[in-house]
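Let's work through a few exercises together, one step at a time. Keep the structure in view and try each task before reading its solution.

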Amino acid sequence: MFRSHAVHRRRRSGTLRRLWAVGLLFLPSLVSALPPAQAAHLTDRIVAVVNTEVITLSELKAETQETEKKLRAKFRGTELERRLRQAEFAALTRMIEQRLQVQFARAKGVDVTDEEIKGTIKDLKRQGEKFNESDEAAMRALREQLMLMKVVDREIRGGIMISDTELRRYYIQHQSRFLLPEEYRISQILILQRSPDERAQARARAAEIHEELKRGADFADLALRRSDGPEATRGGSLGLVRQGELLPQIERALATLQGGEFSEPIETPQGFHIIRLEEKTPPQFRPFAEVKTEIHGLVYSQKSEDMYQVWLADLKNRAYIEVKF
């Protein structure tokens with residue numbers, strides 16, 4: 001629950017969003033309207049109290065600095081002000097939630113060792129991330145992030161149980177997620193069009209080859225001798241491809257073919273293709289046993305997020321949070 005600022009403490013009033021709407025949302029115009037000395041003083045004032053800790057306006061501004069730069073480069077006028085207010089609201093909410101979690105972690109005796117900090121920094125650098133170990137604020141933020149990971153693992157993830165029944169239910173309810181598209185095993189004869197002037201010549205070559213195929217010529221032999229494609233040495237074989245991986249005009253042609261049939265010459269930016277459909281596999285679902293591990297990860301992630309939101313809401317409900325403007 002959140003309390004608005006007053007000379008005398010009153011009963012609890014509204015949510016953070018409502019207090020933000022009547023206070024924080026008008027902060028940019030308030031600051032700009034003040035004399036420089038007062039505006040400078042305002043940047044150090046308290047904007048929120050989270051139990052026994054405070055969040056200052058300067059901290060909030062630091063949190064939104066990069067976002068503000070991007071917004072100012074992209075928007076102007078009232079739209080800019082609206083987006084700045086949204087960014088400040090999101091940042092303050094995030095900061096309050098993080099303070100609550102850090103306080104909870106400390107109360108539970110969760111700590112991070114120097115060795116864990118060093119190990120994480122080493123991992124970050126190994127992954128190409130830059131990290132300034134002499135930056136006290138960055139070190140403090142890293143320690144807090146590791147602390148939060150620990151407390152969330154202990155309070156939430158450690159207690160998650162997932163039954164085989166849940167996994168099968170997810171599989172049934174989300175079967176489209178595990179649907180393999182139609183597959184084709186195909187071969188092609190490709191006549192390249194190396195310049196616009198060669199279009200008529202390439203079309204004529206493709207038509208000639210197509211006539212030979214109609215008269216019963218062997219597709220693989222023609223591909224080997226006359227195709228310009230790199231797969232010519234394999235008799236034109238392109239192997240197995242899935243629906244959606246080919247150019248639309250080729251997929252449209254394939255949809256009309258049966259196994260063993262070949263297409264008319266198909267024009268693309270590359271040139272002219274004659275496609276032979278060797279085999280077509282209809283769409284099919286991946287079996288449960290094959291995707292069980294994948295489903296477990298999906299269900300685990302969803303359960304973790306749901307339980308985290310419940311836990312965070314409980315922290316807020318039991319906390320004293322005051323937004324001051």
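Contact here means heavy atoms within 4.5 Å. Keep in mind that this is a predicted model.

**Exercise 1. Find the strand order of the open sheet of 4 strands, and say which strands stand at its edges.**

Solution. 
- Step 1: Start with β5 (residues 183-192) and look for its partners. Strand β6 (residues 237-242) is joined to β5 by 5 bridges, and the two run antiparallel. Arg185 stands opposite Leu240 in β6.
- Step 2: Turn to β8 (residues 271-281), which is antiparallel to β5 and joined to it by 10 bridges. Here Gln188 faces Ile275 of β8, and Ile191 faces Phe272 of β8.
- Step 3: The order is β6-β5-β8-β7, with antiparallel pairing.
- Step 4: Look at the ends of the row. β6 and β7 (266-267) each have a single partner strand, so one side of each has no neighbour in the sheet.

**Exercise 2. Which helix lies across β5, β7 and β8, and which helix packs on the sheet touching β5 and β8?**

Solution. 
- Step 1: Helix α9 (residues 199-214) lies across β5, β7 and β8, and runs at about 40 degrees to β8.
- Step 2: Helix α10 (residues 219-226) packs on the sheet and touches β5 and β8, its direction making about 40 degrees with that of β5.
- Step 3: Now check how covered β5 is: 8 of its 10 residues are buried.

**Exercise 3. Describe how helices α5 and α7 cross, and what kinds of residues make their contact.**

Solution. 
- Step 1: Two packed helices are described by the angle and the distance between their axes.
- Step 2: The axes of α5 (residues 77-107) and α7 (residues 136-155) come within 9 Å and cross at roughly 70 degrees.
- Step 3: Angles of 65 to 115 degrees count as roughly perpendicular, and α5 and α7 are therefore roughly perpendicular to each other.
- Step 4: Sort the residues in contact: 7 are nonpolar, 3 polar and 3 charged. Among them are Phe104 and Ala105 in α5 and Val151 in α7.

Definitions and conventions. Residues numbered from 1 in each chain as written. Predicted model: local features only at pLDDT ≥ 70, side-chain atom pairs only at ≥ 80, totals over all residues. Heavy atoms only, no water. Axes fitted to C-alpha atoms, helices over the stretch in contact; angles between N-to-C directions. Parallel < 35°, antiparallel > 145°, perpendicular 65-115°, else oblique. Nonpolar A, V, L, I, M, F, W, Y, C, P; charged D, E, K, R; others polar. Buried < 20%, exposed > 50% of the residue type's maximum accessible area, 1.4 Å probe, protein only. Pairing = 2+ DSSP bridges.
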